[in-house]
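Student: Hi! Could we go through this one together, starting with the ligand and then moving to the pockets?

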Amino acid sequence: MDYQSLIVSYEDGIATITINREKAMNALNKTVFAELKHFFAVEGPSKSDLTGVIITGAGSKAFAAGADIKEFLALDESKAKAMSQFGHDVFFLIERFPKPVIAAVNGFALGGGCELSMACHMRVAGAKARFGQPEVNLGIIPGYGGSQRLVQLIGKAKAMELLLTADMIGAEEAHRLGLANHVVEVGEEVEASIKILKKIATKAPIAIAKTIESVNAYFDKNTDGFGFEVDSFGYLADTADFKEGAAAFIEKRKANFTGK
Ligand code: CO8
C-alpha cells in the first residue's frame, strides 16, 4: 500500500510504523485509521518473518495528540458512533495482533493517542512523554476504548481521576501507575522497543501468540480466561516448538524454534 499518513519500515523482522503528521502533532485522522487497519489486517499478517511491531510518532513532540479535532465539527450522533466503532475495530486488531506491538511514546499521547498506546501490548515512554485523556475538555469522552483500557491498566481510582480531571501525567508517573512499561532517555524510545522485541523474537512464536490471546482473554467478558489458558496449553503441547524447547533444555542447548 502507498501510505500517506504512516511511514512503515522493516528491519530484522520488526516493522516500525511512524504516524507521519508532525505538524498536526500526529493527530489521528481518518487516513491514519484506514492505514493502521490496512497494516494490521492485511500487510502485517502477510509477512511471515515479522516478529514484532513498533508504533511511534514523527518528530520529537508527539506520539499522537489525539483524534484529529478538525474532523469533529461535521459529527452528529450516528457519524460519531460509526467513527468510534471503526476506531474500536482498528484498535482491537492491534490488541489482538499475534505478534507483540509496542508503543514507543516519544511525546504527547493524548486522547486517541493515549488510547492507541493502550491498545498496544506495551508502552515504552521517553522521559518527556505526556499521557492524558483530555476529552472532557471538549465535551466528549474517550471514544477509542480509553474508558476501558485505562481502568484495565491502572485501576479504577486513578483512571477515574485522570478521565474526570483531564490531567496530563509525565512518563515517570505513567511508569509508577503501570501505564508505561519503561521510561527511557528522549530519542531512545524506538531503540529500547527494538531491544524488547528482539528478546521476544528468540521465543517460540506460537507460544507468544497464545500468550497475547490468553492475556486478552482475561478482559473478554465472553471468554473464560482460565479455560482458554487450559485449551491453549493443550494446543501448544502438540507443536514442534514445544518438543524442541523441552529437548533443548534437557540437552543444554539453545532452542531452534520454527514456529510450527
Ligand atoms: N487534532 C488536530 N490538530 C491538532 C491536535 C489534534 N488533536 N493536537 C494538536 N493539533 C495541531 C494544532 O491545531 C496545531 O495546528 P496549527 O499549527 O495548524 O494551529 C499544531 O497541531 C500544533 O499544536 P499546538 O500549537 O497546540 O502545539 P502546543 O505545543 O502549543 O500544544 C498540545 C501541544 C498540548 C498537544 C496541544 O496541541 C493540544 O492540547 N492538543 C489537543 C489535545 C487533545 O485535546 N487531544 C484529545 C483530542 S479528542 C480525542 O482524541 C478523542 C478520541 C476519541 C474520538 C472518538 C471519535 C468518534
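This is a predicted model: local features need pLDDT of at least 70, side-chain atom pairs count only at pLDDT 80 or more; totals for chains, interfaces and linings use all residues.

Student: Great. How many residues surround the ligand, and which are the closest?

Tutor: The ligand is surrounded by 24 residues, and Ala65, Ala67, Ile69, Gly112 and Gly143 are the closest.

Student: And by class, what does the shell around the ligand have?

Tutor: There are 14 nonpolar residues in that shell, along with 5 polar and 5 charged ones.

Student: What about Ala67: how far is its polar backbone atom from an oxygen atom of the ligand?

Tutor: That distance is 2.7 Å. Lys23 also has a polar backbone atom by a ligand oxygen, at 3.4 Å. With Lys70 the side chain takes part: one of its polar atoms lies 3.4 Å from an oxygen atom of the ligand.

Student: How much of the ligand does the protein bury?

Tutor: Taken alone, the ligand exposes 1,100 Å², and the protein buries 66% of that.

Student: Which elements give two or more residues to the shell?

Tutor: Helix 2 (77-95), strand 6 (108-110) and helix 3 (112-119) do. Helix 2 gives the most, with 3 residues.

Student: OK, switching topic. How much space lies in the largest pocket?

Tutor: About 550 Å³. Its lining is made of 17 residues, and those nearest the centre are Phe92, Glu95, Asn216, Phe219 and Asp220.

Student: Which elements supply two or more of the lining residues?

Tutor: Helix 2 again, plus helix 4 (146-154) and helix 8 (205-218). Helix 8 has the largest share of the lining, 4 residues.

Student: And how do the lining residues divide by class?

Tutor: The lining has 5 nonpolar, 6 polar and 6 charged residues.

Student: Last one: where does the largest pocket lie relative to the domains?

Tutor: It lies between domain 1 (6-200) and domain 2 (205-250), because both give residues to its lining.

Methods
Residues are numbered from 1 along each chain as its sequence is written. Side-chain values use heavy atoms; hydrogens and water are left out. A residue is near a molecule or strand if one of its heavy atoms lies within 4 Å of it. A polar contact is a pair of N or O atoms within 3.5 Å; within protein, one must be able to donate a hydrogen and the other to accept it, and residues adjacent in sequence count only if both atoms are side-chain atoms. Accessible areas come from the Shrake-Rupley method with a 1.4 Å probe; for residues, only the protein chains shown count as cover. Ala, Val, Leu, Ile, Met, Phe, Trp, Tyr, Cys and Pro count as nonpolar, Asp, Glu, Lys and Arg as charged, and the others, Gly among them, as polar. On a 1 Å grid over the protein atoms alone, a cavity is a set of points where a 1.4 Å probe fits but cannot get out, and a pocket is an open set with protein on both sides within 12 Å along at least five of seven lines; lining residues have an atom within 4 Å of a point. Grid points are joined across faces, edges and corners, and a volume is the space filled by probe spheres set on the points. Domain bounds come from an automatic or database domain assignment.
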